[in-house]
Amino acid sequence: NEDCYPQVKTRVAEKLGLNYVTFAVVLFAGLVAFGCVVVLCLYLFHKRKNRGNVLTRSTEESLERDDSYALSTIGNQSVYSYFVKESRAGWLVAFTTLGIQVVCLIFFVMASEPNLQ
């Protein structure tokens, strides 16, 4: 029944020649690359701005306040609170959780493209 499952290609499939899975992979890779570029630019800007400056006690206290605010906003029991902390095991847990969520997303995107032929 063509009313329930239309066989017409989407605009993305027509213009770019991509299916949903390929489009999702390209989009996700682009977002990761964009994030890396932003982090690199911020790092270089911060390094250039603070060249020769040593952290003062007030700056350290401000950073600690920011960390505690971030933890209270995220929630101390959230797995994402590990991103704010400096524990390597915490970072491993957080990235593992993030990876599992991406894998679930991939399965969802792959299943969203029906093969009705």
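Predicted model: local features only at pLDDT ≥ 70, side-chain atom pairs only at ≥ 80, totals over all residues.
Residues are numbered from 1 along each chain as its sequence is written, and side-chain values use heavy atoms, with hydrogens and water left out.

**The whole chain.** Colour by secondary structure: the protein has four helices and zero strands, in the order α-α-α-α. Helices (H or I, at least four residues) and strands (E, at least two) are DSSP runs, numbered from the N terminus. Of the 117 residues, 5% are buried, that is, under 20% relative accessible area, with exposed over 50% and partly exposed in between (1.4 Å probe, protein chains only).

**The patch.** Select Leu-16, Phe-23, Leu-27 and Leu-31, which form a nonpolar surface patch of about 390 Å². Patch residues have over 30% relative accessible area and no salt bridge, and nonpolar side chains (Val, Leu, Ile, Met, Phe, Trp, Tyr) are joined within 5 Å. Phe-23 lies in helix 2 and counts as partly exposed because its relative accessibility is 32%.

Next, select Ala-24, Val-25, Phe-28, Leu-105 and Val-109, the closest to the centre of the second largest pocket among its 13 lining residues. A pocket is an open set of points on a 1 Å grid with protein on both sides within 12 Å along at least five of seven lines, and lining residues have an atom within 4 Å of a point. Helix 2 supplies the largest share of this lining, eight residues.

Conventions: Patch = residues over 30% accessible without salt bridge, like charges linked within 9 Å, V, L, I, M, F, W, Y side chains within 5 Å. Areas by Shrake-Rupley, 256 points an atom, 1.4 Å probe, with all protein chains shown as cover. Salt bridge = Lys/Arg side-chain N within 4 Å of Asp/Glu carboxyl O. 1 Å grid on protein atoms, 1.4 Å probe; cavity = no way out; pocket = protein on both sides within 12 Å on 5 of 7 lines; lining within 4 Å.
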